[in-house]
Amino acid sequence: MAKIRKKPKKSINKNINKKSFTQSTPNIAEKLDNEMVAFLDTEFLTSQIKGGPPAKLVSVGFVVCGKNFEEVTRFHSYIYAEDKLHDRFQEMTGIERKDLLSAPDYELVMEEVAEQLEAWEVSRIYVWGPDKYVIQRDLLEYRKDISKRTRKIVNRILRMIKDIEGTYSAKLDLQSAGIGSLKIICGLGTEVSHNALDDAVDLKNIIRHIDLKGCSEHMLQIMKKYTSEKEVYYRLRRFREKWDDVSEGIQEKSLSLLKELGKVDTVEARALRDDLLVMCTGEAMAFPTLEEYIQKENAKTGKVIRDKNDK
């Protein structure tokens with residue numbers, strides 16, 4: 001766990017959801033003049049089997065901030081679990097089984113979360129995506145033996161959580177975008193750590209940028225084009241493996257067609273080209289990443305994508 005400048009604790013039995021928040025939130029920055037808010041993210045273990053058990057909460061992190069998004073505290077903790085971790089999960093998150101086996105129990109973690117939120121008089125918790133749903137399902141499926149006191153605490157926390165993905169996607173006139181894509185179009189870097197605290201801080205920085213500075217119309221237009229073309233590309237793609245029974249004659253004709261398709265700069269031609277390539281050679285292709293796509297688009301206008309650490 002990590003904490004800074006912690007205020008004296010108050011009773012965790014008090015209702016930490018003091019205010020009613022029924023209205024939409026078009027601009028969080030405006031609320032921070034009078035309120036303290038938290039940006040929260042979770043990591044959860046999902047099943048690798050279709051129709052398997054629901055996601056299990058294994059990590060929670062949040063950052064609390066006030067006016068102008070100034071941070072006052074950070075919190076992070078793993079949650080004890082004995083589950084085996086599949087390779088994909090470990091690769092993405094960097095979480096190892098030993099991290100969860102040595103972590104505090106669920107009740108201790110959630111009570112500490114509540115104490116931190118109440119100590120800083122947090123009025124609302126913002127998330128991007130399914131975190132609230134994951135916490136709800138996790139509570140129902142995996143926490144049947146927790147105390148009534150802790151269950152009430154978690155339910156109060158859930159009432160404070162607001163998913164802002166739809167609100168801010170609409171504000172930017174974008175289809176739903178992930179944290180990684182938003183970091184790129186805001187010029188805040190190109191990496192997503194898949195660490196609950198780091199991702200919560202990223203979310204805070206993204207919303208600060210959108211609310212206080214706004215996003216470049218140029219970057220937003222590229223993002224819209226990217227989303228649209230990526231959807232068309234994967235809708236048109238048909239093949240993922242090499243065809244063993246393709247004759248040499250067909251391969252030669254296909255490779256010749258590949259060269260011609262390479263001269264056509266459309267997403268439809270790219271999808272057909274990549275299908276032919278994998279059929280004839282086994283070389284699997286994918287749609288470019290957003291960063292690669294932006295670099296290509298900016299090359300047409302002489303613009304460049306910059307990381308926040310660039311001088």
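Is the crossing of α4 and α6 left-handed or right-handed? In this predicted model, the crossing of the two helices is left-handed. Helix α4, which spans residues 106-119, packs against helix α6, spanning residues 148-160, at an angle of about 50°, and their axes lie 10 Å apart. The two helices are therefore oblique to each other. On the α4 side, the residues that take part are Tyr106, Glu107, Met110, Glu111, Val113, Ala114 and Leu117, and these meet Arg149, Thr150, Ile153, Val154 and Ile157 of α6. Sorted by class, this contact comprises eight nonpolar residues, one polar residue and three charged residues.

The chain to which this helix pair belongs contains 13 helices and five strands. Of its 311 residues, 47% count as buried, and its accessible surface amounts to about 16,700 Å², of which 49% belongs to carbon and sulfur atoms. When contacts between residues at least 6 apart in sequence are considered, 73% of them join residues at least 24 apart.

Two loop residues stand out by their backbone angles. Most residues other than glycine have a negative phi. Glu121, however, has a positive phi of about 55° although it is not a glycine, and this residue is found in the loop between α4 and β4 (122-127). With a relative accessibility of 44%, Glu121 counts as partly exposed. Asp173, likewise not a glycine, has a positive phi of about 60°, and it is located in the loop that lies between α7 (165-171) and α8 (179-185). The relative accessible area of Asp173 is 52%, and since the cut-off for exposed residues is over 50%, Asp173 is therefore exposed.

How values were computed: Residues numbered from 1 in each chain as written. Predicted model: local features only at pLDDT ≥ 70, side-chain atom pairs only at ≥ 80, totals over all residues. Heavy atoms only, no water. Axes fitted to C-alpha atoms, helices over the stretch in contact; angles between N-to-C directions. Helix = DSSP H or I, 4+ residues; strand = E, 2+ residues; numbered from the N terminus. Parallel < 35°, antiparallel > 145°, perpendicular 65-115°, else oblique. Left-handed = near helix turned anticlockwise from the far one by under 90°. Contact = heavy atoms within 4.5 Å. Nonpolar A, V, L, I, M, F, W, Y, C, P; charged D, E, K, R; others polar. Buried < 20%, exposed > 50% of the residue type's maximum accessible area, 1.4 Å probe, protein only. Areas by Shrake-Rupley, 256 points an atom, 1.4 Å probe, with all protein chains shown as cover.
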